[in-house]
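I wanted to look up what surrounds the ligand and what lines a pocket.

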Amino acid sequence: MSIQVICGDCRDVLSDLEDESVDLVLTDPPYGATKLRWDRWPRGWPASVRRVLKKTGSMWVFGTLKMFLEQHDEFDGWCMAQDVVWEKHNGSGFVNDRFRRVHETAVQFYRSDARWADVYKMPQFTNDASARRIRRRGRPAHLGEIGDQDYKTFEGGPRLMRSVQYVRSEHGQAFHPTQKPMGIVEPLLLYSSPPGGIVLDCCAGSGTTGIVASRHGRTSILIEADPEIVAAMQRRLSQDHFKFEVPA
Ligand SMILES: C[S@@+](CC[C@H](N)C(=O)[O-])C[C@H]1O[C@@H](n2cnc3c(N)ncnc32)[C@H](O)[C@@H]1O
């Protein structure tokens with residue numbers, strides 16, 4: 001599947017994309033938490049991507065709770081669907097007077113003019129259930145009646161993937177200082193993009209989203225503002241022998 005790499009500020013580049021042409025936005029914007037030269041929140045990007053996202057599509061955004069609170073007004077026009085916690089093996093905090101920070105969050109949004117029921121989703125499973133039998137008593141009518149339930153799970157059987165995912169970070173072997181591991185991007189992408197669909201990452205860094213998309217038969221559009229990071233992304237993509245195009 002093709003990976004299209006575009007170097008530029010996403011807010012400019014997105015104006016060239018057609019309305020409602022993208023199935024999924026999966027992105028990891030600058031959190032504005034470090035002194036790295038690119039780490040400044042690009043104001044207005046959520047509004048720019050909203051136009052190009054299909055009403056059946058959704059958007060995953062990596063960040064921290066602090067970032068989402070600071071930028072909450074940027075998500076006008078979006079409804080929040082759920083959040084997933086990425087638990088890392090190492091800490092990323094810069095201070096020693098708080099808990100050692102070993103997680104980041106990914107929040108899924110969909111357009112506020114869409115219905116959640118119509119948004120594409122393919123629940124993800126793991127095969128690590130332990131055998132047990134669960135009996136649940138019915139709920140009375142005034143709480144929304146539910147009949148008695150009785151179900152069994154089997155050793156090694158399927159169960160819904162958990163909202164907290166432990167994945168080792170790629171420190172020491174990454175092309176980008178805040179590179180996301182493929183293992184955390186993969187379940188989000190598979191859950192929320194149809195096979196053969198178009199996935200957009202508007203703050204693409206080293207191109208993790210594109211690699212995962214390509215491995216799973218999705219086309220991707222990767223936008224990255226920093227030419228040096230685009231060069232690193234292209235090295236990474238070519239090492240993986242992926243097909244990519246760089247428009248003139
Ligand atoms: C947190 S990093 C993304 C890392 C990426 N997830 C990976 O796995 O490598 C955010 C990226 O957004 C880029 N960026 C910042 N402002 C941008 C803008 N206005 N348009 C496009 N990219 C931008 C930065 O240069 C940086 O590489």
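What volume does the second largest pocket have? I found about 290 Å³. A pocket here is an open set of points on a 1 Å grid over the protein atoms alone where a 1.4 Å probe fits, with protein on both sides within 12 Å along at least five of seven lines. The volume is the space filled by probe spheres set on the points, which are joined across faces, edges and corners.

The model is predicted: local features need pLDDT of at least 70, side-chain atom pairs count only at pLDDT 80 or more, and totals for chains, interfaces and linings use all residues. Residues are numbered from 1 along each chain as its sequence is written, and side-chain values use heavy atoms, with hydrogens and water left out.

I then listed the lining (residues with an atom within 4 Å of a point). It has 14 residues, and Q82, V84, M161, R162 and Y191 lie nearest the pocket centre. Strand 4 (78-87) and helix 4 (182-192) each give two or more residues to this lining; both are DSSP runs numbered from the N terminus (helices H or I, at least four residues; strands E, at least two).

Next I turned to the ligand.

I looked up polar contacts (N or O pairs within 3.5 Å). A ligand oxygen is 2.6 Å from a side-chain N or O atom of S206. A ligand oxygen is 2.9 Å from a polar backbone atom of K180. A ligand nitrogen is 3.1 Å from a polar side-chain atom of D9.

Notes
A polar contact is a pair of N or O atoms within 3.5 Å; within protein, one must be able to donate a hydrogen and the other to accept it, and residues adjacent in sequence count only if both atoms are side-chain atoms.
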